[in-house]
Structures are given as C-alpha cells and as structure tokens.
Amino acid sequence: MAQFGGQFAFLVLALRRERIPVEAAGRGPLRLWRDYLGHVRDGFPLFLGSMAYMLLAYVDRFFIATFHPAQDLGVHALATQFGLIAIIGLQGWSYIASVRIGNAIKREADVAAVVGHALRIAGLFAAAAAAGILALAWILEATLFARYAGLFAAVALGVPGIAAYNAVSAAAALLYYRRRQKTLHRALLAVLAANAAIDLGLSLAGASYLWIIACTGGLFLALAAVTALLVRRCLREEPQPPPGGAPLAAGAGRAV
C-alpha cells in the first residue's frame with residue numbers, strides 16, 4: 001500500500017505541474033477537466049501493468065502458505081523483504097528515467113542514447129544491489145538468522161530475476177509513451193498464468209518451496225529479456241507521437 005501511495009502521490013504532483021502551462025493558456029475548467037481525464041486514461045495501461053507485476057511477485061506466497069509449513073512461509077517472507085530492499089533504488093531511478101525518456105521524445109532528441117543511459121545505470125545498480133543483498137543474506141543466515149534455514153538459497157533464487165526485470169523496466173517507459181505496451185502486458189499476464197499453474201503443480205507434487213521461488217525468479221528473467229527485446233524493437237520503429245501527448249512518468253509503476 002505504501003508503494004502504491006507513493007506512486008500515486010508522484011503522479012498527482014507531476015500532473016499538477018503539467019497543468020500549469022495549460023491553465024496559463026486560458027482554457028476553461030471543463031476543458032481542463034477533460035484534459036486531466038485524458039491523462040488518467042493514458043495512465044490506465046500503466047496501472048494494469050503494475051497490478052500484473054504485483055500479482056506475479058506475490059503469487060508464490062499464496063501457494064507456499066497453502067501447501068507448505070509455516071517455517072517455509074517465514075523464510076519466503078523474509079527473502080521477499082530482501083528483494084524489496086534490492087529494488088528500492090531501481091524504483092526511484094525508474095521515475096527519473098521515465099521523465100527523461102519522455103522529455104527526449106518531446107524534444108525529438110536522441111531517444112536511443114537516453115534509453116541506453118537509463119539501462120546502463122539501472123544494470124549497474126541492479127548488479128551491485130543483488131550482490132550486496134546476497135552477501136547480507138549469507139551472513140545473516142550464518143549468524144543472527146540461523147533459524148531461517150534456506151534464506152540465502154531463497155534470496156539467490158529469487159532476487160536476481162526481480163532485480164533484472166526492474167532494471168530493464170527503467171526503459172519500459174518508452175513502450176508506454178509510444179503506445180506499444182500491449183505486448184508487454186500480454187507477456188506479463190501469460191507469465192502470471194504460467195507461474196500460478198507451475199506453482200500449483202509443484203505444490204501438489206510435494207516439491208520444496210525453493211522450486212517455487214526458483215520458478216518465479218526464472219520467469220522474471222524471461223520477462224526482463226522480453227522487455228529488452230520490445231524496447232529494442234520500439235527504438236527501431238519510425239517514431240509516431242501519440243495523440244494528445246505522451247503520458248507523464250509512464251514507466252514508474254512497475255518498480256514493479
């Protein structure tokens with residue numbers, strides 16, 4: 001809830017700032033309201049993508065809680081917190097990269113260079129954060145959290161995939177600005193359905209909860225690859241500015 005609240009507050013503040021030149025242009029209240037609703041409509045696909053990401057990130061908890069002992073659920077919950085720590089910085093960078101990509105599109109600047117820079121920064125941060133979190137998990141399991149046997153394995157299997165997807169998502173704003181997000185959303189929903197089916201199969205087969213975490217981590221890595229391919233394809237397409245302007249901060253919702 002705190003994550004959604006922060007994202008909503010950022011979007012509201014950004015839209016208020018965007019409204020300043022519109023109000024100065026002398027538009028009436030009705031026109032301003034219609035313009036605001038247009039931004040909400042443009043941002044709705046972002047909401048759908050964010051919801052699919054959140055469901056994918058937390059679907060494991062349902063199956064582990066239902067089919068596995070409480071000890072396993074506790075280890076998974078703690079590993080999830082480690083994952084959230086690893087992507088905090090990536091979420092902040094996604095906001096910044098989203099605005100920079102949008103500004104580059106509006107100025108007709110070198111969008112590919114801006115996207116490449118966003119991905120390089122995100123990739124370096126994701127690698128450093130994942131390595132740090134893995135080291136911390138190993139140390140804590142060997143000392144203070146000895147009762148959480150399997151913590152390091154859970155973090156090692158799940159966090160790299162989530163970090164990789166959030167890193168690539170720093171450039172996913174391009175897909176929203178150019179109205180090319182449908183394929184990404186379909187991939188998210190397909191992976192969500194596949195993950196739920198695999199988790200159910202593994203649980204019914206009596207497999208370790210670590211297999212469930214490994215499955216989700218692998219699917220996040222696959223999503224990262226798909227997102228990177230979609231961004232690359234979008235960069236190669238002839239730019240076509242969307243009607244009514246690009247949605248502000250379109251890539252900020254999935255850090256996921």
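Predicted model: local features only at pLDDT ≥ 70, side-chain atom pairs only at ≥ 80, totals over all residues.
Colleague: Thanks! How many helices and strands does the chain have?

Modeller: Helices (H or I, at least four residues) and strands (E, at least two) are DSSP runs, numbered from the N terminus. Here the chain has 8 helices and 0 strands.

Colleague: And what part of the chain is buried?

Modeller: Buried means under 20% relative accessible area, exposed means over 50%, and partly exposed lies in between (1.4 Å probe, protein chains only). In this chain of 256 residues, buried residues make up 45%. The accessible surface, from the Shrake-Rupley method with a 1.4 Å probe (for residues, only the protein chains shown count as cover), comes to about 12900 Å², and 69% of that belongs to carbon and sulfur atoms.

Colleague: How should I read a pair of packed helices, say α3 and α4?

Modeller: Two packed helices are described by the angle between their axes and the distance between the axes. Axes are lines fitted to C-alpha atoms, for helices over the stretch in contact, and angles run from 0 to 180 degrees between N-to-C directions. The axes of α3 (residues 70-107) and α4 (residues 111-142) come within 9 Å and cross at roughly 175 degrees. Angles under 35 degrees count as roughly parallel, over 145 as roughly antiparallel, 65 to 115 as roughly perpendicular and the rest as oblique. The helices α3 and α4 are therefore roughly antiparallel to each other. By class, their contact has 22 nonpolar, 2 polar and 1 charged residues; Ala, Val, Leu, Ile, Met, Phe, Trp, Tyr, Cys and Pro count as nonpolar, Asp, Glu, Lys and Arg as charged, and the others, Gly among them, as polar.

Colleague: Is Ala79 buried or exposed?

Modeller: Ala79, in helix α3, counts as buried because its relative accessibility is 8%. Its C-alpha atom is separated by 9.1 Å from that of Ala153, 74 residues away along the chain. Gly74 also sits in α3, but counts as partly exposed at 25% relative accessibility. In helix α7 (residues 182-204), where Leu184 is found, that residue counts as buried at 1% relative accessibility.

Colleague: Which residues make the nonpolar surface patch?

Modeller: Like charges are joined within 9 Å, and nonpolar side chains (Val, Leu, Ile, Met, Phe, Trp, Tyr) within 5 Å. Here Phe67, Leu200 and Leu204 make a nonpolar patch of about 280 Å². Leu200 belongs to α7 and is partly exposed, with a relative accessible area of 35%.

Colleague: Last one: what is the phi of Arg179?

Modeller: Most residues other than glycine have a negative phi. Arg179 has a phi near 55 degrees, a positive value in a residue other than glycine. Arg179 lies in the loop between α6 (173-177) and α7, and counts as partly exposed at 29% relative accessibility.

Definitions and conventions:
Residues numbered from 1 in each chain as written. Heavy atoms only, no water. Patch = residues over 30% accessible without salt bridge, like charges linked within 9 Å, V, L, I, M, F, W, Y side chains within 5 Å. Salt bridge = Lys/Arg side-chain N within 4 Å of Asp/Glu carboxyl O.
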